[in-house]
Amino acid sequence: MGTVTGSAEEPSASPSVPAAGQESAASAAAERPEAPSSLSPSRAADFMRCPLLYRFRVIDRLPEQPSAAATRGTVVHAVLERLFDAPAAERTAPRARALVPGEWERLLAAKPELAELFADETGGQDAERLAGWLADAERLVERWFTLEDPTRLEPAERELFVETELESGLRLRGIIDRVDVAPTGEVRIVDYKTGKAPAPQYASDALFQMKFYALVLWRLRGTVPRRLQLVYLGSGDVLTYDPREADLRGVERKLLALWEAIRLATTTGDWRPRPTRLCGWCDHQAHCPEFGGTPPPYPLPIIPAPARARD
């Protein structure tokens with residue numbers, strides 16, 4: 001039915017050395033856009049928010065500027081994962097805070113372009129701004145200790161990459177922050193959020209990602225997870241939900257309908273923008289018709305949608 005693996009990388013065959021004259025062709029093929037073949041919670045949310053945004057990210061793969069908030073989230077997640085490497089008694093708030101600078105340096109080494117987030121007018125480092133950003137990350141890490149007690153937790157999985165294929169052929173994939181398994185075998189899926197908890201009327205949107213993960217684990221392991229838990233470090237809230245099989249079947253139907261819409265847009269090239277208040281933060285305004293921009297040439301073959309029959 002599916003696989004569980006500890007890496008977010010796609011499995012690949014052993015590399016072979018290209019023959020003379022084939023290296024450039026192989027490189028071009030590797031960069032050639034392809035039609036989407038799987039769905040993750042983030043990309044599903046992109047399409048529901050704005051189909052054109054989905055196209056820019058998945059098909060065109062347009063670059064996006066890194067943000068200080070998203071990068072801080074990456075560092076905080078890394079700290080909360082690494083803390084569990086220590087024995088239970090040593091999982092303290094001071095130890096967690098002390099991990100923050102090292103995880104930032106580790107991330108910076110992997111992505112040197114992130115240094116631009118804290119560059120001053122001369123191109124050097126704005127040490128004061130970086131120090132404030134690191135302090136904010138440390139406060140988020142410290143707040144976690146008011147919400148959960150890591151000395152009493154022994155996660156079964158951390159940063160778990162999961163993937164399964166539904167009977168329809170749709171592949172679902174994602175990375176779960178933490179999976180806890182009780183002695184009785186009951187499973188809890190935990191996700192850390194560095195922002196604030198949403199208003200009650202938006203709670204269902206926030207839980208969509210968690211139900212997605214629950215569906216994947218159910219299809220992989222045959223058991224519906226007992227609890228879904230969102231830990232909001234920005235506001236100090238914990239949102240929980242206990243899913244039922246009927247909930248997950250509903251999520252599966254929604255994802256299948258969503259995938260059909262994505263497939264139709266992929267073949268017809270009809271990716272329409274959906275303006276919202278979030279457009280002001282979008283990196284792709286220069287390519288968006290809503291802002292007077294023009295999308296790049298569509299890189300995939302277009303098959304016009306069949307005309308509707310007249311009565």
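The questions below concern ring pairs and charges over rings.

Reply: This is a predicted model, in which local features need pLDDT of at least 70, side-chain atom pairs count only at pLDDT 80 or more, and totals for chains, interfaces and linings use all residues. Residues are numbered from 1 along each chain as its sequence is written, and side-chain values use heavy atoms, with hydrogens and water left out.

Me: Why is the pair of phenylalanine 84 and tryptophan 144 called edge-to-face?

Reply: Rings of Phe, Tyr and Trp (its six-membered ring) pair if their centres lie within 6.5 Å; planes under 30 degrees apart count as stacked, over 60 as edge-to-face and the rest as tilted. Here the centres are 5.9 Å apart and the planes at 75°, so the pair is edge-to-face.

Me: What makes this pair a tie between parts of the chain?

Reply: Phenylalanine 84 is in the loop between α4 (68-82) and α5 (93-110), while tryptophan 144 belongs to helix α6 (residues 127-144), so the pair ties together parts 60 residues apart in sequence. Helices are DSSP runs (H or I, at least four residues), numbered from the N terminus. Both phenylalanine 84 and tryptophan 144 are buried, meaning under 20% relative accessible area with a 1.4 Å probe, protein chains only.

Me: What makes lysine 211 count as lying over the face of tyrosine 241?

Reply: The rule asks for NZ of Lys or CZ of Arg within 6 Å of the ring centre and within 35 degrees of the ring normal. Lysine 211 lies over the face of tyrosine 241, at 4.7 Å from the ring centre. Likewise, the charged end of arginine 219 is over the ring of tryptophan 218, 4.2 Å from its centre.

Key: Helices (H or I, at least four residues) and strands (E, at least two) are DSSP runs, numbered from the N terminus. Buried means under 20% relative accessible area, exposed over 50%, partly exposed in between (1.4 Å probe, protein chains only).
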